Amino acid sequence: MEKVILTKPDDWHLHLRDGEAMKSVVRMSAFQMGRAVIMPNLSPPITNTKQAIKYHNEIVRALPKESRFRPLMVLYLTDKTTKNEIIEASEAQEVHAVKLYPAGATTNSDSGVTNLSSTYPALEQMQKEGVPLLIHGEVTDNDIDVFDREKVFIDRTLTKLVQEFPSLKIVLEHITTKDAVDFVSECEKNIAATITPHHLLANRNHMLVGGIKPHYYCLPVLKRKSPHQEALIAAATSGSPKFFLGTDSAPHEKHQKESSCGCAGVFSAHAAVELYAEAFDGAGKIEKLEGFASFFGADFYGLPRNQEKITLEKTTWRIPESYNFSGSHVVPFFAGEELSWRLSA
C-alpha cells in the first residue's frame with residue numbers, strides 16, 4: 001500500500017506549554033490534527049474555567065486565521081476543586097475534561113491530588129455532568145519501583161475509583177503496561193485509554209542500552225518490550241474503541257532534557273501521524289489506524305467525527321535533529337531517524 005487516506009485525526013493528550021514556547025509548536029499539531037485535548041499542567045496550573053478559557057483564547061490567537069484546529073481545554077484537579085467549579089466547567093464550551101495528577105507524578109504536578117477522597121465531591125459532580133476524568137495513572141511512593149508504579153496505581157487506586165464511581169467516564173492516559181491494557185479491556189465502556197507513539201515504537205532498551213538517552217525519558221517511563229510494549233501494540237491495532245490516539249507530546253528545551261534534571265517528556269507533535277503509521281504498518285495493521293486515530297476518541301467524548309481528510313504517502317524521509325523552540329531547540333522523537341510514511345501537505 002503506497003497511500004492511505006484518513007479522516008483527520010484528533011490528539012486526545014497534548015502538551016502545548018504557553019507563551020512563546022506554545023507559539024513554537026502549536027502549528028505542528030494544528031497541521032496534523034483536527035482537535036486536541038490540551039493538558040493543564042502549566043506553571044501555575046489551569047485550575048478553573050476562567051483560566052481555561054483564557055488559555056484557550058491564547059492558543060487560538062497563535063494559529064493562522066484559516067486554521068480549523070480546535071483546542072479542547074482541561075481543568076487541573078486539586079484537593080480543593082469544588083462541585084461548583086465542575087458545574088461551571090461543564091457549561092463552558094471550551095472545557096471538556098478534568099485531569100488527575102497524583103502530586104509529584106510528572107512535570108508541574110506538585111499542585112496535584114494528595115488525598116483522593118478529598119476529590120470525591122468533585123468526582124460525584126463530574127459523574128453527574130458527564131465530564132470525563134483523565135488520569136496520570138502512577139503512584140508516587142519513593143519505595144515503589146518506577147517501572148511498577150502504573151500497576152500499583154491500578155491495583156491500589158483505580159480499581160477502587162471505578163467501583164466508587166461506576167458511571168464516571170475515565171481515560172487512563174498514556175498507558176505503558178500489559179496490566180493497563182488488561183484492566184481497560186475488562187472494564188465497562190466508560191473506561192478508555194490513550195496510547196502514545198513513543199510507547200508503541202520504543203521500549204526501555206532504547207532509553208538505556210549503549211548509554212542513557214535523555215530524549216527517550218518520559219513518565220510513565222518506557223517499559224519492557226515483552227510483555228508490555230507488545231501488549232500496547234496489540235491493543236492499539238485491535239480495533240477496540242477503548243484505545244485511541246493521545247501523543248502526550250511534551251516539548252522541553254534541549255539543554256533541559258540533557259541536564260541533571262532530565263525533564264520527563266517526549267516531543268512527537270512534529271510527526272505524530274507518521275509515527276503512528278510506522279507502528280501500525282510495522283504490525284501489519286495499517287488499515288486499523290483510522291479508527292484508532294480518527295474515530296474512537298471522538299466517539300468516547302461524544303463529539304462529531306472530523307469531516308476533513310488527510311493523506312499519508314509511503315515515502316522515506318529523515319526527521320530533523322531539532323526544531324526551533326522559543327529561541328532555543330527541542331529534540332524530536334526519532335531525531336535523525338528515517339520514517340516510511342509522510343503526511344502530504
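Me: How many helices and strands does the protein have?
Reply: The model is predicted. Both kinds of element are present in the protein. The count is twelve helices and 13 strands.

Me: Which radius of gyration does the protein have, and why does it agree with a compact globule?
Reply: The chain has 345 residues, so a compact globule would come out near 20 Å. The C-alpha atoms fill a box of roughly 50 × 45 × 40 Å along the principal axes. The protein agrees with the globule value, at 19 Å.

Me: What share of the residues of the protein count as buried?
Reply: Buried means under 20% relative accessible area. The accessible surface comes to about 14,400 Å², with 47% of that belonging to carbon and sulfur atoms. Of the 345 residues, the buried share is 58%.

Me: Among contacts between residues at least 6 apart in sequence, what percentage join residues at least 24 apart?
Reply: Take the contacts in the protein whose partners are at least 6 apart in sequence. Then keep those whose partners are at least 24 apart. The share is 73%.

Me: How far apart do the centres of the positive and negative side chains lie?
Reply: The protein has 38 positive side chains and 43 negative ones.

Me: Is His199 buried or exposed?
Reply: His199 sits in helix H7, residues 197-201. Its relative accessibility is 3%. The cut-off for buried is under 20%. His199 therefore counts as buried.

Me: Which residue has a backbone oxygen that the side chain of His199 reaches at 3.1 Å?
Reply: The side chain of His199 also has a polar contact of 2.7 Å with the side chain of Thr196. Beyond four places in sequence, His199 is in contact with residues including Ile175, Gln229 and Leu232. The backbone oxygen at 3.1 Å belongs to Pro220.

Me: What distance separates the C-alpha atoms of His199 and Cys218?
Reply: Cys218 is one of the residues in contact with His199. The two are 19 residues apart along the chain. Their C-alpha atoms are separated by 9.6 Å.

Me: How many residues of helix H11 are buried?
Reply: H11 spans residues 272-282 and is mostly covered. Its buried residues include Glu274, Tyr276, Glu278 and Phe280.

Me: Which residue just after H11 takes a positive phi?
Reply: The place to look is just after H11. The phi there is about 70 degrees. The residue is Gly284.

Terms used. Residues numbered from 1 in each chain as written. Predicted model: local features only at pLDDT ≥ 70, side-chain atom pairs only at ≥ 80, totals over all residues. Heavy atoms only, no water. Helix = DSSP H or I, 4+ residues; strand = E, 2+ residues; numbered from the N terminus. Rg over C-alpha atoms; globule rule 2.2 N^0.38 Å. Buried < 20%, exposed > 50% of the residue type's maximum accessible area, 1.4 Å probe, protein only. Contact = heavy atoms within 4.5 Å. Areas by Shrake-Rupley, 256 points an atom, 1.4 Å probe, with all protein chains shown as cover. Lys, Arg positive; Asp, Glu negative; His and termini not counted. Charge placed at Lys NZ, Arg CZ, Asp CG, Glu CD. Polar contact = N/O pair within 3.5 Å; in protein donor to acceptor, adjacent residues only side chain to side chain.
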